[in-house]
Amino acid sequence: MFWQKDIELMDKEQLRNTQLDCINKEIKIAKRSEFYKKKLSNIDKISSLDDVKNLPFTTKEDLRNSFPYGFLATDLQNVIRLHSSSGTTGNPTVVFHTAFDISNWANLSARCMYTAGARNNDIFQNTMGYGLFTGGIGFHYGAERLGMLTIPVGPGNSKRQIWFMQNFKTSVIHILPSYALRLFQTVEEMHVDVKRDLNLRIAFIGAEPHSEEMRKKIEELYNIKAFNSYGLSEISGPGVAFECECQSGLHIWEDYVYPEIIDKDTLEVLPDGCEGELVLTTLQREAMPLIRYRTRDLTKIISEPCACGRTHRRIARITARTDDMMIINGVNIFPIQIEKTIMSIPEAGRNYIIEIFENNFMDKLCIKLEIDNENFGGTLRDLEKLQNRLECELKQEIGVTPVIKFVDAGSLPVSDGKAKRVFDLRNKNK
Ligand code: AMP
Ligand code: ZN
């Protein structure tokens, strides 16, 4: 019912021509904003996609510095919605939408869900936060556009989530990966058998970094297929890139954004297949076009054809953000490397945090990990063995031996929103 065949299978040449037209339209609209009027003062149009690399970048700082209306490219009377980032310092980044933008985004998220196999006879439970955060409301509109019965439960209240799933036979769920693991604790406490008592078949997981191992764990626990969903509020929200049924990379919708990968240090554009920072130019936005927006997310473009037949290229799972990297005694480590190792050991629990502190002028990495009671038989000796195994495997993965501390299931801090995993306590001790 929501198969946008003409767009999704568009011939590559036609897609590139469309992109060029759209970029030139976006430049024209963007120049109505205070920010781009200055930034693009000597550019009116480009003559080929090769010229995109000569356009200036836009950064998160630019958005912050232009708070509140510096990026608005239309009259206020045309704007119907504002979203804002969850940033904790400085001005938030604000994004505006016209009715066309909202409708377009709904089509895009409906397309994503259809791509992953959702249909209008599905029951869709949305556990993402509603409000300024785009996760909840973005897919809500898409799910309705697709025609699913949509249950806007929002985040938290795990017992109620399961109650809805049981009573309304929820078949598709939209959920943060960290919350999916946590919610399973309640599934166990309520003695719910996922095969017998639930009707779940698909989960859309995203909004925060997660490893392939975490996806597998979620799929196994709930007996479902979980699809990676990528987006960011600056570009609209969820729906920017999404996995199809092949689950091998996320189709980045090239009619909606023009993607580039750059070297984050030299800022040079990298060829497909090389990992770097994802840069996006909006192609259809009215209220607030963005030209070459630096997402800070690290990935690569996969240009080989996908078995599903869609022509839009894919991006690899986001491995990290450029600002996620931890430097421990000079060694560069990304949190996802730690998660990957933890999730591949079945006895290790489902929730963890990483603490960095200083001892005798040396950085120390401590991983606090909940124990999975179900998989862990539990003598003290077994615990020691598990600790040694984790230390060894982590040392191999990250080159640093961490301190492992086991804690009771359910005792680590949790939030209704994206999981906060890393706590850097180094400066506090100085
Ligand atoms: P927000 O604008 O607050 O929704 O945050 C967007 C950011 O969340 C992105 O720039 C990514 O860093 C992160 N993010 C969103 N989706 C994913 C995903 N599927 N995998 C990894 N990180 C993600
Ligand atoms: Zn595909």
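This report covers two ligand sites and several individual residues in a predicted model.

## The shell around ligand 1

For Asn228, a polar side-chain atom lies 2.8 Å from a nitrogen atom of ligand 1. For Arg321, a polar side-chain atom lies 2.8 Å from an oxygen atom of ligand 1. For Lys418, an N or O atom in the side chain is 2.8 Å from an oxygen atom of ligand 1. How much of the ligand does the protein cover? On its own, ligand 1 has 500 Å² of accessible area, and the protein covers 92% of it.

## The zinc site

Ligand 2 is a zinc ion. Which residues coordinate it? The donors are Cys244 (SG), His251 (NE2), Cys306 (SG) and Cys308 (SG), at 2.1 to 2.3 Å. The angles among the four donor atoms run from 103 to 115°, and the site is tetrahedral.

Along the sequence, the donor residues follow the spacing C-x6-H-x54-C-x1-C. His251 sits in strand E9 (residues 250–252). Cys308 sits in the loop between strand E13 (301–302) and strand E14 (314–315). The pair therefore ties together parts that are 57 residues apart in sequence. His251 is buried, because its relative accessibility is 0% and the cut-off for buried is under 20%.

## Buried charged residues

Glu260 belongs to strand E10 (residues 257–262). Is this side of the story buried or exposed for Glu260? Glu260 has 5% relative accessibility, so Glu260 counts as buried. The side chain of Glu260 also has a partner: a polar contact of 2.9 Å joins it to the side chain of Arg292.

Arg350 belongs to strand E18 (residues 348–359). Arg350 has a relative accessible area of 10%, so Arg350 is buried. Take Val240 as a reference point for Arg350. The two are 110 residues apart in sequence, and their C-alpha atoms are 28 Å apart in space.

Glu254 lies in the loop between E9 and E10. With a relative accessible area of 3%, Glu254 is buried. Glu254 and Thr282 are 28 residues apart along the chain, and 9.5 Å separates their C-alpha atoms.

## Backbone exceptions

Most residues other than glycine have a negative phi, and most peptide bonds are trans.

The peptide bond between Phe67 and Pro68 is cis, with omega at about 0°. Pro68 lies in the loop between helix H4 (60–65) and strand E1 (79–84).

Asn157 has a positive phi, near 50°. Asn157 is in the loop between strand E4 (149–151) and helix H7 (158–168). Its relative accessibility is 52%, so Asn157 counts as exposed. Leu267 has a positive phi too, near 65°. Leu267 is found in the loop between E10 and strand E11 (276–282). Leu267 has a relative accessible area of 31%, so Leu267 is partly exposed.

Where does Gly147 sit? Gly147 is in the loop between helix H6 (134–146) and E4. At 35% relative accessibility, Gly147 counts as partly exposed. Phe2 is 145 residues away from Gly147 along the chain, yet the C-alpha atoms of the two are separated by 9.0 Å.

Definitions and conventions: Residues numbered from 1 in each chain as written. Chains lettered and ligands numbered in written order. Predicted model: local features only at pLDDT ≥ 70, side-chain atom pairs only at ≥ 80, totals over all residues. Heavy atoms only, no water. Polar contact = N/O pair within 3.5 Å; in protein donor to acceptor, adjacent residues only side chain to side chain. Areas by Shrake-Rupley, 256 points an atom, 1.4 Å probe, with all protein chains shown as cover. Donors = N, O, S within 2.8 Å, 3.2 Å for Na, K, Ca; no water. Tetrahedral: all angles 85-135°; square planar, octahedral: opposite > 155°, others 65-115°. Helix = DSSP H or I, 4+ residues; strand = E, 2+ residues; numbered from the N terminus. Buried < 20%, exposed > 50% of the residue type's maximum accessible area, 1.4 Å probe, protein only.
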